[in-house]
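Q: Got a new model to look at. Can you walk me through it?

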Amino acid sequence: MRRRKAQEKEILADPKLNSKLVAKFINMVMLEGKKSIAEKVVYGAFDIVKEHLNEPDVLKVFHKILDNVRPRLEVKPRRVGGATYQVPVEVRQERGSSIALRWIRDFARTKKGKSMRDKLADELLAAYKSEGSAIKKRDDTHKMAEANKAFAHFRW
């Protein structure tokens, strides 16, 4: 029998842009409970992105970035009679968004030599232009799902 589903926590929208998605991203960037620093990093990165793209609505840009990075398919391991198959499954919208946010954050963190604000801005700009590490990761995920299409009938 499966365990019970984790209770969903209600996230309050962020104070500046009034978006729950941005609030979620700030919480993901946050380290050791230092939310004010995470807010400065994220809003600073948004300011840099806004400056580079000459786009007044940074929220619209952020949604486009997420749409670019969000995976449509992923593979899940399924055990069938002693063998484990990588079965391609479609990704729900909410899960896709959180995966995309995680990839952007992680690839920004792995870069060296700049402040986190600049690294995050670089990653967001690259994702906006459909290039960069997060986009490559999405493409690799899609390729893996495509390669294992033969096992799609194990989905249940």
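A: Start with the largest pocket: helices α1 (20-29) and α4 (93-110) each give at least two residues to its lining. Helices here are DSSP runs of H or I, at least four residues, and strands are runs of E, at least two, numbered from the N terminus.

A: Some ground rules. This is a predicted model: local features need pLDDT of at least 70, side-chain atom pairs count only at pLDDT 80 or more, and totals for chains, interfaces and linings use all residues. Residues are numbered from 1 along each chain as its sequence is written, and side-chain values use heavy atoms, without hydrogens and water.

Q: Which helix gives the largest share of the lining of the largest pocket?
A: α4, with five residues.

Q: And which residues lie nearest the centre of the largest pocket?
A: E8, K24, R92, E94 and S98, out of 17 lining residues.

Q: New topic. At what angle do α2 and α3 cross?
A: Roughly 95°, for α2 (residues 35-53) and α3 (residues 58-69), with axes that come within 10 Å. Axes are lines fitted to C-alpha atoms, for helices over the stretch in contact, and angles run from 0 to 180 degrees between N-to-C directions. So α2 and α3 are roughly perpendicular (65 to 115 degrees).

Q: Which residues make the contact?
A: F46, V49, K50 and L53 of α2 meet V58, V61 and F62 of α3 (heavy atoms within 4.5 Å).

Q: What about V87: buried or exposed?
A: Buried, with a relative accessible area of 1%. Buried means under 20%, exposed over 50%, partly exposed in between, with a 1.4 Å probe and protein chains only. V87 lies in strand β2 (residues 83-90).

Definitions and conventions. Parallel < 35°, antiparallel > 145°, perpendicular 65-115°, else oblique. 1 Å grid on protein atoms, 1.4 Å probe; cavity = no way out; pocket = protein on both sides within 12 Å on 5 of 7 lines; lining within 4 Å.
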